[in-house]
Amino acid sequence: MTLDVTTFIDSKGGNAEEIRESQRKRGESVELVDQVIEMYAEWVKLDFEVNGLNKQVNAVQKEIGAKKKAKENADELVAQKKVLDAQVEAKRKETREFEAQMRQKASTVGNLVAKDVPYSLTEDDNVTLRTWHPDGPNGQVQKKTDIMPHHEVLLRLDAMDLERGAKVVGHRGYFLTDDGVDLNQALISYALDFLRKRGYKKIQPPFMVNKDIMGKTAQLSQFDEELYKVIASDDEKYLIATSEQPISALHSDEWFEDPKSQLPIYYAGYSTCFLHQFEKVEQFVITAPEESWNAFDTMLGNSEAFYQSLGLPYRVVAIVSGALNLAASKKCDLEAWFPFQGAYKELVSCSNCTDYQSRRLEVRCGLKTKDQQRKVYVHMLNGTMCATERALCCLVENYQTPDGLVIPEVLRPYMQGRDFLPWKKELPKGLQKKQG
């Protein structure tokens with residue numbers, strides 16, 4: 001993941017100050033930009049030296065040819081050429097290694113922050129764009145003290161085993177059981193069907209990605225310690241943290257020569273996520289550069305329509321510049337209301353990464369035009385549709401009654417037609433005392 005190195009260079013049609021300003025907005029190092037510019041100048045100098053040596057080689061080769069044609073001894077020139085060839089190879093190696101260092105340095109600079117992103121370094125300044133409530137524009141969310149938190153709802157439904165989960169896994173471990181499994185699968189199936197009806201292609205990716213690909217699609221310097229690795233002899237792979245990672249690489253080294261007929265592509269990815277184990281249905285979209293912001297609005301609109309269909313109150317929030325990951329040019333979250341906690345919690349995160357991912361993955365876009373200075377790459381966007389266990393927690397907090405759980409209407413076809421789940425057991429004694 002990276003910006004084009006020439007975008008740092010004003011004389012190459014770039015805009016270094018724009019990148020510096022973007023870094024300031026992120027709260028990231030501005031000095032990095034100047035370091036890349038200095039390294040670019042040094043790289044150009046090294047490349048010039050390679051070309052100079054090549055010219056010397058060609059000149060000597062020409063002299064050798066003339067000597068041989070004249071049936072004269074060329075041993076001295078041949079020896080001279082051998083020395084020059086070694087110098088060329090050494091200088092090329094030095095140039096290649098320096099170029100790799102320069103590109104690595106450039107990859108630590110974040111994507112350009114979109115102009116309409118709120119400028120702040122604290123998430124307290126995230127901007128609420130709109131709210132939605134099933135009771136209409138005048139509906140109000142409220143904290144409820146006479147209901148149970150989501151884990152207690154699931155325990156009373158016998159839909160989760162926390163005690164044995166903690167025994168097997170440790171802190172926060174759990175088993176979903178019976179109706180817990182059914183509700184989770186219902187959310188997965190409904191989310192996938194919801195997106196397919198809107199023109200998305202369902203896709204279930206591999207759970208492992210090789211190190212080379214993961215390095216191109218994720219910021220390994222940032223996430224290497226958080227990702228799980230599977231190592232067998234010389235083969236190193238990573239367990240995926242989201243289906244976005246393998247799907248972004250699906251079209252690596254491909255060229256969409258006719259974007260008007262080939263793009264956009266809308267994928268509905270489904271996978272287990274191994275950063276913190278949960279299932280997620282993900283929107284992943286590939287577009288021509290000029291279409292990505294329309295796609296961003298479409299994806300966010302699909303997420304809103306999904307949670308409206310589930311009847312969950314929510315707000316849409318624009319994330320501040322200082323909280324963006326390096327790849328995102330802009331990010332909006334959908335935060336749903338948890339009535340027991342009396343708080344909005346993130347269920348959806350939608351990002352436009354523009355060409356920041358596709359450049360390293362070499363996913364090209366459109367035929368080259370006569371006056372084009374640099375390669376054009378597709379834009380890539382990702383957005384949660386449903387991180388199922390998290391959405392399940394929100395759902396059960398909102399739909400509990402004194403007698404059990406009402407199943408949202410849209411999920412009933414996936415729940416064997418049931419519309420209500422009665423309590424199956426009392427809370428464990430420790431939790432009862434806590435409540436009392």
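Okay, so axes here are lines fitted to C-alpha atoms, for helices over the stretch in contact, with angles from 0 to 180 degrees between N-to-C directions. Helices (H or I, at least four residues) and strands (E, at least two) are DSSP runs, numbered from the N terminus.

Quick caveats: this is a predicted model, where local features need pLDDT of at least 70 and side-chain atom pairs pLDDT 80 or more, while totals for chains, interfaces and linings use all residues. Residues count from 1 along each chain as its sequence is written, and side-chain values use heavy atoms, leaving out hydrogens and water.

Let's start with the helix pair. The axes of α1 (residues 16–26) and α2 (residues 31–69) come within 8 Å, crossing at roughly 150 degrees. That makes α1 and α2 roughly antiparallel, a label for angles over 145. On the α1 side, the contact (heavy atoms within 4.5 Å) uses Ala16, Ile19, Arg20 and Gln23, and α2 brings Leu32, Val33, Asp34 and Ile37.

Now the sheet. We've got eight strands in an open sheet with mixed pairing, ordered β1-β11-β12-β13-β15-β10-β9-β4; pairing takes at least two DSSP bridges between two strands. Neighbouring strands are turned by 25 degrees against each other on average, ignoring direction.

Zoom in on β10 (residues 278–287) and β15 (residues 379–387): they run antiparallel, joined by eight bridges. Phenylalanine 284 stands opposite asparagine 382 of β15.

And the helices lying across those strands? α13 (residues 388–399) lies across β10, β12 (330–338), β13 (343–352) and β15, at about 35 degrees to β12.

Key
Angles under 35 degrees count as roughly parallel, over 145 as roughly antiparallel, 65 to 115 as roughly perpendicular and the rest as oblique.
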